[in-house]
Amino acid sequence: MKKENRKLAQQRRAQESDTSGTSTLSTDTSLTVEDGDTVNIDYVGSIDGVEFDGGSTNGQGTDLTIGSGLYIDDFEEQLIGSHPGDAVEVNVTFPDDYSSEDLQGQDALFEVTINGIYQND
């Protein structure tokens with residue numbers, strides 16, 4: 001069994017600590033994800049239809065600030081314009097120098113659910 005992808009795990013931990021108590025997660029479907037927003041998402045990543053270790057939030061949800069650059073190039077940008085409750089297909093290519101050799105240069109599909117957008121209290 002492959003080890004969990006360290007970079008994705010580190011990203012999840014970093015972002016979980018970024019959420020302060022001064023905002024509330026809103027599931028209002030009229031809200032639209034914009035650059036700079038912090039969203040809570042779930043995702044499952046696959047390559048050629050096969051899920052890979054470390055490529056899922058396992059339904060636990062994770063916070064992501066759009067435009068932070070913490071995720072693979074173009075991942076965050078593909079969420080802009082979506083709404084809480086939306087399912088978004090995010091297509092990315094792992095960089096050739098990615099930390100997990102098995103994923104380097106691979107095209108991946110992430111099925112992302114927008115759980116909500118944080119709103120300032």
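The protein comprises 1 helix and 6 strands, where helices (H or I, at least four residues) and strands (E, at least two) are DSSP runs numbered from the N terminus. From the N terminus on, these elements follow the order α-β-β-β-β-β-β. The structure is a predicted model, in which local features need pLDDT of at least 70 and side-chain atom pairs count only at pLDDT 80 or more, while totals for chains, interfaces and linings use all residues. Residues are numbered from 1 along each chain as its sequence is written, and side-chain values use heavy atoms, with hydrogens and water left out.

The mean pLDDT (the predictor's confidence in each residue, from 0 to 100) is 87, and 83% of the residues reach 70 or more. Over residues 1–11 pLDDT stays under 50, and the model has 23 contacts beyond four places in sequence for this stretch; a contact means heavy atoms within 4.5 Å. Residues 13–17 also have pLDDT under 50, with 9 contacts beyond four places in sequence. Of the contacts in the protein with a separation of 6 or more, 66% are between residues 24 or more positions apart.

The accessible surface of the protein is about 6,800 Å², and 41% of this area belongs to carbon and sulfur atoms; areas were computed by the Shrake-Rupley method with a 1.4 Å probe, and for residues only the protein chains shown count as cover. Of the 121 residues, 40% are buried, the classes being buried under 20% relative accessible area, exposed over 50% and partly exposed in between (1.4 Å probe, protein chains only).

In soluble globular proteins, nonpolar side chains tend to be buried together. Beyond its neighbours within four places in sequence, Val-112 is in contact with Ile-41, Asp-42, Tyr-43, Phe-75, Leu-79, Asp-86, Ala-87, Val-88 and Val-90.

Aromatic pairs were assigned to rings of Phe, Tyr and Trp (its six-membered ring) with centres within 6.5 Å; planes under 30 degrees apart count as stacked, over 60 as edge-to-face and the rest as tilted. The count under this rule is 9 aromatic pairs. The rings of Tyr-71 and Phe-75 have centres 4.9 Å apart and planes at 55 degrees, so this pair is tilted. Tyr-71 and Phe-75 are both buried. For Phe-75 and Phe-110, the ring centres are 5.3 Å apart and the planes lie at 75 degrees, so the pair is edge-to-face. This second pair links distant parts of the chain, with Phe-75 in the loop between strand 4 (62–65) and strand 5 (87–93) and Phe-110 in strand 6 (residues 107–120), 35 residues apart. Phe-75 and Phe-110 are both buried.

One aromatic cluster is formed by Tyr-43, Phe-52, Tyr-71, Phe-75, Phe-94, Tyr-98 and Phe-110. Within this cluster, Phe-52 is placed in strand 3 (residues 50–56) and counts as buried at 11% relative accessibility. The C-alpha atoms of Phe-52 and Ala-108 are separated by 9.6 Å, the two residues being 56 residues apart along the chain.

Asn-40 is buried, with a relative accessible area of 12%, and Asp-42 counts as buried at 16%. A polar contact is a pair of N or O atoms within 3.5 Å; within protein, one must be able to donate a hydrogen and the other to accept it, and residues adjacent in sequence count only if both atoms are side-chain atoms. The side chain of Asn-40 makes polar contacts with the side chains of Asp-63 (2.8 Å) and Asn-115 (2.7 Å). The side chain of Asp-42 makes a polar contact with the side chain of Asn-115 (3.0 Å) and reaches the backbone nitrogen of Gln-60 at 3.4 Å.

Asn-120, in strand 6, counts as exposed at 70% relative accessibility. Beyond neighbours within four places in sequence, Asn-120 is in contact with Thr-22 and Ser-23.
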